[in-house]
Amino acid sequence: MGAKYTVVERKNPRNPEVQGKYYLSNKSDGLIDVRELAEYISLRSGVSIGHCQGIIEDLGEEIETALLRGETLDLGPIGILSMNFKSEGSVLAEDFNESLIKRVYIHLRCRKSLLNKLSSIPYSKLKYATSLPPVEPDPEP
């Protein structure tokens, strides 16, 4: 277990002629789909893969429904899931209207126990952004 990363240069889009700065870029070990997650849960719980998969899919639908109702969800050891907004401001409260809302997003506030576990995992710096080295151009004849 651990976090893998590469270091990438990022330029300031407001000032592209200035030398960029180097930042960490997370590299995932892969994507676990619902079926694979159900298999892991099945091994730990003794419940069939099909039942686990159905419960996960039902949970996803219920989370979506709750968020669409404007509810906040407590997901136990994971954290709190809620809907948040990004908007423009108005000088007076009565001048605020829905046209000032720029986007809606989902926010996960992780539990401290999960954050503590994540802060103690080992890090591995990868040489390349992918598992393959970059392709060198053919030399000119």
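Predicted model: local features only at pLDDT ≥ 70, side-chain atom pairs only at ≥ 80, totals over all residues.
How many residues apart in helix α1 are E39 and R35? I opened my notebook with that one, and the answer is four, which puts the pair about one helical turn from each other in a helix that covers residues 34-45.

**Entry 1: the overall plan**

I looked up the elements before going further. The protein has three helices and six strands. Walking from the N terminus, I wrote down the order β-β-α-α-β-β-β-α-β.

I then checked how much is tucked away, and buried residues make up 13% of the 141 residues.

**Entry 2: salt bridges**

I found a count of four salt bridges. I noted three of them here, beginning with the pair from my opening question.

The side chains of E39 and R35 form a salt bridge, at 3.5 Å from N to O. I checked the cover on each partner. E39 has 32% relative accessibility and is therefore partly exposed. R35 is partly exposed too, because its relative accessibility is 41%.

Next I went to R69 and E71, whose side chains meet in a salt bridge with an N to O distance of 2.7 Å. R69 counts as exposed, since its relative accessibility is 52% and the cut-off for exposed is over 50%. E71 is partly exposed, at 37%.

Then came D74 and R111, joined by a salt bridge at 2.4 Å, N to O. This pair links distant parts of the chain, with the two residues 37 apart. D74 is in strand β3 (residues 73-74), while R111 is in the loop between β5 (101-110) and α3 (112-119). D74 is exposed, with a relative accessible area of 53%, whereas R111 is partly exposed at 28%.

**Entry 3: a charged patch**

Which residues gather in a patch of negative charge on the surface? I listed E57, D58, E61, E62 and E64. I placed one of them, E61, in helix α2, which runs over residues 49-68.

**Entry 4: L73**

Is L73 buried or exposed? I found 15% relative accessibility, so L73 counts as buried, the cut-off being under 20%. L73 lies in strand β3, the strand that also holds D74.

I looked up what surrounds L73, leaving aside neighbours within four places in sequence. Its contacts are I63, A66, L67, G79, I80 and L81. I took a closer look at I63, which is ten residues from L73 in sequence and 7.4 Å away in space, C-alpha to C-alpha.

**Entry 5: S82**

My last stop was S82, in strand β4 (residues 79-87). S82 counts as buried because its relative accessibility is 5%.

What does S82 touch, not counting residues up to four places away in sequence? I wrote down L67, T72, Y105, I106, H107 and R109. Among them, Y105 is within the range of strand β5 (101-110).

Definitions and conventions: Residues numbered from 1 in each chain as written. Heavy atoms only, no water. Buried < 20%, exposed > 50% of the residue type's maximum accessible area, 1.4 Å probe, protein only. Patch = residues over 30% accessible without salt bridge, like charges linked within 9 Å, V, L, I, M, F, W, Y side chains within 5 Å. Areas by Shrake-Rupley, 256 points an atom, 1.4 Å probe, with all protein chains shown as cover. Lys, Arg positive; Asp, Glu negative; His and termini not counted. Charge placed at Lys NZ, Arg CZ, Asp CG, Glu CD. Contact = heavy atoms within 4.5 Å.
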